[in-house]
Each structure stands twice: as C-alpha cells, then as structure tokens.
Amino acid sequence: MKAKKTWRYLFRFLCSFFLVALATGSFAITWHEFVKVNNQTGHLLGHANLLMSFLIYAGLFTIICNWMGAFRIGVIRKSRSVASLNLGIITTNLLEVFASMAITGEFRFVFAFLRLYFFLSIGQILVLSVVMILMINLYWGVVPPTNLLVIEGCHGNHLVQNMTRLKHKYVISKAIPENLSSNRLVDEMAQAEAVLINDVDSQKQNDIVKACFYLNKRVYVVPKLSDIILKTSEHLNVVDTPLYLCRNLGMSLINRIIKRAFDVSMSLLGIIITFPLWIVVSIAIKLEDHGPVFFKQERVTRDEKRFLILKFRSMIVDAEKDGRPHPAGEHDDRITKVGRVIRACRIDELPQLLNILKGDMSIVGPRPERWEHVVEYSKRIPEFPYRHKVKGGLTGYAQVYGKYNTSALNKLKMDLIYITNYSFLLDLQIIFETLKILFQKESTEGFDAEGIIEMHDSVHP
C-alpha cells in the first residue's frame, strides 16, 4: 500500500517536472530569439542573464500552476486539470510581460512582449494540454484504483453508484452501516486501504475521522454545509485554546467591483460577437410558429431579488398556460424544432447576456432558480437561501461539476463552495471548464416528473 502511494507521488512529481520543463523550454527559445534581435549591447545573451531569465520563468510557472492545482494529475477531473494548466499558462505569461520589461529595462517593448507571449501562450496551451491528457491517461493505466470501504449513513443517496462508474479510480471493496459497534468499525477500517464516509451522523463522523487519522487511513467525507463554511476559516492563536474564525462577510467591495467590471465588459463583447447569431435564431423562431422570439421567466438572484430572465423561446407558446412550472424532459413534445437545436447548443441562453449587462446576473454564480422552486426547496432544506448571498450566474460551480438534474442539496453544497472560496481566478477557471460541458449530453438533461422529487434527496445537510 505504501509502495502504491509512493509511486503515485513520484509519477505526479515527474509529470509536473516535465510540464515545467516543456513550458520553460518553449519560453527559452522565444526569449533567446527576441533578445538576439532586440538587445543591441548583447549583455542579455550572457549565460548568467539567460539562466536567470529561464529560472524566473520556471519559478513563476511552478508557483502559479501549483497554486491553481494544475499538478494534481489523476486527483481531480481531467477537464479541471487542463483548465487549471491553461489558466496557469496565461497568468504566468502575463506576469512575464512585466518581468521581461524589468530585465530589459525597456518599457517600449511592452506591446512586443504582449504579442510575443500571446502566441507563446497559444502554442503552450495546445501542446501542454495534449501532454497533460496523455499523462492522466497513463496515470490511470498504470496506477491501480483505490479500494474503498464505504460507511453508509441512514440517508440514502446515489454516491456509491456514481463512484462505481469511475472504475479507473475507485473500487468499492465493502459497504457497512454506520450503526455497527465502534470496535467493529475500527477493525473494518484497519483492513481497508481507504474509507468513504457517506453522509454519516455528525458525531459518528467525528469518531470515524479520528480513527482514520490514528490508523493512517485515507478518508473521503461527504461534507455537511457547516463543514464547507468552516473549511475557509482563519486559525487564531489569541488564547490557549485553538480558535477558527469565519468572518462570513461575503464578497468584498473590491471583488464586487472587479466582478462587475468583468461582467459588463464580457457581456458587451459577447453580444457584439454573437449578434449575427441572434438575428438568425430570431428569424428561425418567427418562421416556425410566428410566436414571440424571447421567453421571460421569473428567477431569484442575490438577496432573493426577483427578476425576469431572458431566453430565446425554445418551446411552444403557452407551454405553461396553467401557470404552474413544468420542467422540460429530454423528449418533451413541447420543445419546437428550432428549440431542440438551440437548446442542444446552449444558444437559447444567449439573451441572458442582457440580464448580465443590466446587473441582475453575473457571468459566474449560482444558477438562478424559479421562485416556486426556491420556496419548495427551502421547505425541505432551510439553508437553501444561503446561495443568494451572490448574484445568480450564466454558468457556475454546480453547472461545471454537477449535472443539470443534480439534487438541490448537492447544488447548494457546490454553490457554497464557490461562495466561500470566491476569487476572480476561480471565475476564470469555471469559464474555461464551461466550454467542456457544452459538449456533454448529461449537462443538458432535463427533469422528468420523478426527477423533481429527487431534487430533494434525503441527504442530511
């Protein structure tokens, strides 16, 4: 077991080293060619100066990519690893613009560096992304899956079934209930490679986590809502008792200004770029049934403010003429011919760029729910309104890492992870990963009649 862990860490280290070497090597060629042409005195071509430039770049790339989780090869989803790597490449090369100006002492090269590192970034993204995908595939081809002992709580869910689909990562060796005696639980855990605590009672979970720590066992835990909030707390040493401080102030003023500026600029750019598509879709909708082009629906955003969300109409007129919500199923006969095309490509969501420009929504945030759903979910999950601490989003953490028909509680947990860990870089990473889910069928799945009830699965908050 220890040999397997050692092999995993060694493999990731070698992969990380190779990625850094590839990125630094491509930069070295680019930098050398630039200074050979533009450095009149030739001092930057000295071995010491070249080595210093390469080491600075390698250090920046390593620190930034490690911080963004790009080197967690085989640990996180393939798409998230690639998105983190690409974001690390872009961030590193942006910082390298300023580093290069400092090294050359020439501010006049700023546009030359921007152009140079733009094309460098494109090349690195194309090559390193392919290399990383091959590394991840190789990792799961040579590293045996982790054998899990599952300790089940009394609240049923689909976690075990979902994890058994990841046969390259996990094998469920045994599943036992939480109500076994403490001695029996410890004996079972002692023989296991790793333990999965699946929504166990809080006190029992504490005991199991401590036992796993004592036994040196890897442990996976389904978090409670309080666990997610506490995860970002600050450790204080003000008295002789350890304290965790959760400020719970929400997004700072600076972050709100940056986020709003990004929303306005990107929504305007998106409207300008896609405007010809708006015209084509509008004409197609009108020609099919002569009904209205846009569909308006009341949704809930920050501070439970209600607003009308805009979409291209993809269903027949008066699809909800009885005034009650009827979520669309995968083969819903209310969806028009044009609607099936624009829903599959997510084109029906484009008008929400106007909602973002107006300020009702953000590009990234919890997906705004209908008021009727908010009321219903809040009856079963009193903490559901926590997600309204920020504006609703066109895309979000739950949309990237969950499914369209994921349970309301799991969506809430993922939204809280986003809210409590917010950063502009996290927004950029989610945007990168959104491109991936556009091509996944599961992300466009609708609900059926039973699916609405399943949104309230019985997992304990």
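A helix, as the word is used here, is a DSSP run of type H or I with at least four residues, and helices are numbered from the N terminus. The model described below is predicted.

**Salt bridges within helices**

Helix α12 spans residues 371–380, and because arginine 380 and glutamate 376 are 4 residues apart in this helix, about one helical turn separates them. The two residues form a salt bridge, with 3.4 Å between the closest N and O atoms. Arginine 380 has a relative accessible area of 49%, so it is partly exposed. Glutamate 376 counts as partly exposed too, at 30% relative accessibility.

Other salt bridges in the structure join Lys174, Arg184 and Glu188 into one network through shared partners. Arginine 184, with a relative accessible area of 38%, is partly exposed.

A further pair lies in helix α1, where lysine 36 and glutamate 33 are 3 residues apart, about one turn of the helix. Lysine 36 is partly exposed at a relative accessible area of 46%, and glutamate 33 is partly exposed at 41%.

| Pair | Helix | N to O distance |
|---|---|---|
| Lysine 36 and glutamate 33 | α1 | 3.5 Å |
| Arginine 380 and glutamate 376 | α12 | 3.4 Å |

**A nonpolar patch on the surface**

The patch is formed by Trp7, Leu10, Phe13, Leu14, Phe17, Leu138 and Val142, which together have about 710 Å² of accessible area. Two elements give two or more residues each: α1 (2–38) and α4 (110–142). Which of them gives the largest share? That is α1, with 5 residues. Leucine 10, one of the patch residues, is found in α1 and counts as partly exposed at 43% relative accessibility.

**Two helices in contact**

Helix α9 (residues 253–289) and helix α10 (residues 337–344) have axes that come within 9 Å and cross at roughly 150°. The two helices are therefore roughly antiparallel, since an angle over 145 degrees is counted that way. On the α9 side, the contact is made by Val281, Ala284, Ile285 and Glu288; on the α10 side, it is made by Lys337, Val338 and Ile342.

**A buried aspartate**

Aspartate 415 is placed in helix α14 (residues 408–420). Its relative accessible area is 2%, so it is buried. Leaving aside residues up to four places away in sequence, aspartate 415 touches Pro366, Arg387 and Ala398.

**The chain as a whole**

The chain has 16 helices and 10 strands. Of its 461 residues, 45% are buried. Among contacts with a separation of 6 or more, 72% are between residues 24 or more positions apart. The accessible surface of the chain comes to about 24,500 Å², and carbon and sulfur atoms account for 64% of that area.

Definitions and conventions: Residues are numbered from 1 along each chain as its sequence is written. This is a predicted model: local features need pLDDT of at least 70, side-chain atom pairs count only at pLDDT 80 or more; totals for chains, interfaces and linings use all residues. Side-chain values use heavy atoms; hydrogens and water are left out. Patches are made of residues with over 30% relative accessible area and no salt bridge: like charges are joined within 9 Å, nonpolar side chains (Val, Leu, Ile, Met, Phe, Trp, Tyr) within 5 Å. Accessible areas come from the Shrake-Rupley method with a 1.4 Å probe; for residues, only the protein chains shown count as cover. A salt bridge is a side-chain nitrogen of Lys or Arg within 4 Å of a carboxyl oxygen of Asp or Glu. Buried means under 20% relative accessible area, exposed over 50%, partly exposed in between (1.4 Å probe, protein chains only). Axes are lines fitted to C-alpha atoms, for helices over the stretch in contact, and angles run from 0 to 180 degrees between N-to-C directions. Angles under 35 degrees count as roughly parallel, over 145 as roughly antiparallel, 65 to 115 as roughly perpendicular and the rest as oblique. Contact means heavy atoms within 4.5 Å.
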